[in-house]
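The following exercises concern the reading of a protein structure.

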Amino acid sequence: MKHLFVEGKDKQAPVLLLLHGTGGSERDLLPLANMIAPNNAILGVKGNVLENGMPRFFRRLAEGVFDEEDLVFRTTELNGFIEDSAKQYGFDRNNVVAIGYSNGANIAASLMYHHEQSLKGAILFHAMVPRRGVEIPNLNGTPVFIGAGKRDPLIPENETKELIEDLRKAGSTVTEFWTSGGHELTREEVEKASAWFSEQFK
Ligand code: MLT
């Protein structure tokens, strides 16, 4: 997968897996990584799927309607890519925390829904329920921060609540932060995520 790896100053700290929104790139979330955890190593990844020329992490049939077969395939592909990158760059495969926005947050959630211990934690900005009717692996000890907008036109409040519920049922400790805005990422939620990260991974 097209990607960028940046060595961290702190070698023991989690590697940040950066997953962009539709139309983004492996560099998109670098400013966020800088705000959230400036000393950590970074693995920024670009989605392998194109929708009208816009990179994504998996196909969708319509807005908010995922192509499940492709989602499962791409999630496994990303999981394998993290494993290969850990060998290539010499980091601990079990010490990876995802930061995802929108489509990137959805595939980060999908990693947790499908692959046990694929993430040590996750910051999901404006994520949806990636899949229904599957048994989610044990997420004990996998903390998740969820940033959501009360007026997000793509993600009804109830869907975010369902995602939070799913993750909690699987054992995750979920911290939720709601803005009164829409699908856009706000500085306020990034600051909250940053404080959460320092608290979880100090
Ligand atoms: C998705 O397809 O993952 C969601 O609709 C978010 C988006 O990328 O627009």
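**Exercise 1.** Determine which residues of α5 are buried, and where they lie around the axis.

*Solution.* Step 1: the buried residues (under 20% relative accessible area, computed with a 1.4 Å probe on protein chains only; exposed means over 50%, partly exposed in between) must be listed. In α5 they are Glu189, Val190, Ala193, Ser194, Trp196 and Phe197.

Step 1: these residues cover an arc of only 165 degrees around the axis, so they are on the same side of α5. The arc is that of the directions from the helix axis to the C-beta atoms.

Step 2: the buried residues of α5 pack against several elements, among them β2 (15-19), α1 (30-36) and β8 (96-101). Contact means heavy atoms within 4.5 Å. Helices (H or I, at least four residues) and strands (E, at least two) are DSSP runs, numbered from the N terminus.

Before continuing, note that this is a predicted model, in which local features need pLDDT of at least 70 and side-chain atom pairs count only at pLDDT 80 or more, while totals for chains, interfaces and linings use all residues. Residues are numbered from 1 along each chain as its sequence is written, and side-chain values use heavy atoms, with hydrogens and water left out.

**Exercise 2.** Describe how α3 and α4 pack.

*Solution.* Step 1: two packed helices are described by the angle between their axes and the distance between the axes. Helix α3 (residues 103-114) meets helix α4 (residues 157-169) at an angle of about 35 degrees, and their axes are 11 Å apart. Axes are lines fitted to C-alpha atoms, for helices over the stretch in contact, and angles run from 0 to 180 degrees between N-to-C directions.

Step 1: the residues making the contact are Ala109, Met112 and Tyr113 from α3, together with Leu163, Asp166 and Leu167 from α4.

**Exercise 3.** State where Ser85 is found and whether Ser85 is buried or exposed.

*Solution.* Step 1: Ser85 belongs to helix α2 (residues 68-89). Step 2: its relative accessible area is 1%, so Ser85 is buried. Step 3: leaving aside neighbours within four places in sequence, Ser85 contacts Leu43, Gly90 and Phe91.

**Exercise 4.** Contrast the accessibility of Ser102 with that of Gln117.

*Solution.* Step 1: Ser102 lies in the loop between β8 and α3, and its phi is positive, near 55 degrees. Gln117 lies in the loop between α3 and β9, with a positive phi of about 55 degrees. Most residues other than glycine have a negative phi.

Step 1: Ser102 is buried at 12% relative accessibility, whereas Gln117 is exposed at 58%.
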